[in-house]
Amino acid sequence: MMSSFQIGDRVTAEYKTGTYFGEVVELTTSMKAAVRILAVKEHPTQGDLHNPMDPSVPFFHQRRALANQEIALMPISTIRLYTGNIPEYQDSLKRALSAQISKLSDMEAWARRSLQELDQLQKDYFPG
């Protein structure tokens, strides 16, 4: 599989569980390319990737976003050419972190409400 990227191309790319805006700085192999991080598109997910949504795993990973100008080897399969505006790194990090917090807060609120409804259904199903 040969990449269609060139050094200097602006891209979006995924690294572990985060998604970034970056610039290709080296085509290392047919499977990976070195990408310089310019901004954060989606903040990495926290926790154990092999046991998603499980808070009681032996090691709950805290994942930091890649740093501004950090170079990371990205799988070619996750890299896409990008022609839009790339936001400033700090603004993008703040926006991505806020989006992740908001998403998890919404899930927490949904879980609380679901538990209330299931509790009521349990009383309806099994009265007394």
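Trainee: Which residues does Thr12 touch, not counting residues up to four places away in sequence?

Mentor: Before we zoom in, a word on what you're looking at: this is a predicted model, where local features need pLDDT of at least 70, side-chain atom pairs count only at pLDDT 80 or more, and totals for chains, interfaces and linings use all residues. Residues are numbered from 1 along each chain as its sequence is written, and side-chain values use heavy atoms, with hydrogens and water left out. As for pLDDT, that's the predictor's confidence in each residue, from 0 to 100; the protein's mean is 94, and 98% of its residues reach 70 or more.

Now, your residue. Thr12 sits in strand β1, residues 10-15 (strands are DSSP runs of E, at least two residues, numbered from the N terminus). Leaving out residues up to four places away in sequence, Thr12 touches Tyr20, Phe21, Lys41, Thr78, Ile79, Arg80 and Tyr82, where a contact means heavy atoms within 4.5 Å. Thr12 counts as buried because its relative accessible area is 9%; buried means under 20%, exposed over 50%, and partly exposed in between, using a 1.4 Å probe and protein chains only.

Follow the chain on and you get to Lys16, in the loop between β1 and β2. Lys16 is exposed, with a relative accessible area of 64%. Lys16 also has a positive phi of about 55°, although it is not a glycine. Most residues other than glycine have a negative phi. Gln69 is another one to check: its phi is positive too, near 75°. You'll find Gln69 in the loop between β3 (32-42) and β4, partly exposed at 41%.

How values were computed:
Helices (H or I, at least four residues) and strands (E, at least two) are DSSP runs, numbered from the N terminus.
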